[in-house]
Amino acid sequence: MKAIVYEETGSSSVLKLQDKPLADPGAGEVRVRMVVSGVNPTDWKSRAGGGGSAPLEAPKVPNQDGAGVIDEIGSGVTGLSIGDRVWLWDVAWGSNEGTAQEYAVVPAAKAVAFPGTESFDTGASIGIPALTAHRALTSNEDGPARLSPGALAGRTVLVTGGAGAVGHAAIQLAHWAGATVITTVSGDHKAELARLAGAHTVINYRTDDVVTTVREAAPGGVDTIVDVNAPANIDSDVQVLKPSGTIAIYAANPGESVTVPIRESMTKNVRYQFILTYTVTEEQKQHAVAAVSEALNAGALRVGEEHGLPLTRFPLEATAAAHDAVEHGTIGKVLIDVAPSEPDDFAGQ
């Protein structure tokens with residue numbers, strides 16, 4: 001089979017298309033014939049390493065997220081069948097096997113079945129973004145541990161960077177769970193994308209006063225802020241947050257720090273929740289996977305320009321270019337077509 005492999009960290013040029021032996025699933029594992037691989041910032045950052053080139057202990061296939069069809073099942077696996085369409089999560093975390101290959105052997109728990117009414121594109125787009133968004137939206141001390149329809153009814157959520165992949169998922173999940181959703185963006189095109197995703201109020205932070213506009217939309221303040229750029233937003237975040245509200249921070253550049261306005265945060269009893277989806281508790285991860293699966297099955301998580309998340313595609317052999325596209329800030333979601341089209345033997349699955 002064909003696989004993208006890198007043997008040292010560095011620029012995207014370390015990614016090479018290679019032939020690789022087809023592995024069989026072991027106990028508790030499934031083998032997935034990959035159709036689409038999703039690329040996230042964490043994928044290129046992991047590949048890049050800490051700067052400069054450094055050899056790896058073993059060759060590694062990149063990318064955490066993807067979607068495909070189960071073609072083999074190992075012993076002891078229940079609840080999944082050959083032919084199931086599945087979306088995958090955290091595949092390369094703690095492993096050398098990512099989704100940028102024609103077949104991936106993964107623990108059965110990391111393969112989640114989804115219906116034929118949803119596309120492989122959607123399945124490959126929801127892993128890290130939606131699981132991160134779920135943790136952010138459930139980080140309030142008095143909030144739900146798992147999202148469901150109505151779980152956030154009566155609450156107001158502010159999503160900064162609503163046109164990004166996590167921001168898009170946060171808008172859709174919060175909307176599905178019944179929240180009023182406010183988001184900030186940097187331009188008119190992104191504003192339209194955020195509206196298509198389901199945001200009720202969209203603020204262009206380059207032309208509008210964010211604090212004033214949020215207060216107009218939510219006079220009592222917001223319950224939760226899902227923040228992509230805390231160093232830039234922290235002061236306005238604290239101003240628009242309700243007492244005992246939560247600021248969920250899920251992104252940062254290497255070495256970046258945030259200066260917290262201590263007195264103002266104390267006055268409001270602000271809760272700061274830092275998030276890395278890989279290292280949340282097992283219970284939090286299971287709640288997230290279950291809720292995201294439910295939302296996907298309900299049609300609440302959709303991708304594509306018409307749903308607020310444009311798709312940019314690359315073939316498997318151009319995985320390096322896909323990584324570069326994410327690193328350079330391509331709007332929407334970057335996907336890799338592992339299979340050139342949906343194979344005939346997938347039809348009807």
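The largest cavity is lined by S125, I126, P129, A130, A165, H168, A169, Q172, L301, R302, V303 and L309. A cavity is a set of points, on a 1 Å grid over the protein atoms alone, where a 1.4 Å probe fits but cannot get out, and lining residues have an atom within 4 Å of a point. This is a predicted model, in which local features need pLDDT of at least 70 and side-chain atom pairs count only at pLDDT 80 or more, while totals for chains, interfaces and linings use all residues. Residues are numbered from 1 along each chain, and side-chain values use heavy atoms, without hydrogens and water.

**Cavities**
- The structure holds two cavities of 30 Å³ or more.
- The volume of the largest cavity is about 60 Å³, a volume being the space filled by probe spheres set on the points.

**Domains**
- An automatic or database assignment gives domain 1 (2-125 + 309-337) and domain 2 (129-274).
- Their C-alpha centres lie 29 Å apart.

**Interface**
- Eleven residues of domain 1 are in contact (heavy atoms within 4.5 Å) with ten residues of domain 2.
- Domain 1 and domain 2 bury about 730 Å² between them, 71% of it on carbon and sulfur atoms; buried area is the accessible area (1.4 Å probe) lost when two parts are put together, summed over both.
- In domain 1, K45, L309 and I331 lose the most area to domain 2, together 56% of what that side buries.

Methods
1 Å grid on protein atoms, 1.4 Å probe; cavity = no way out; pocket = protein on both sides within 12 Å on 5 of 7 lines; lining within 4 Å.
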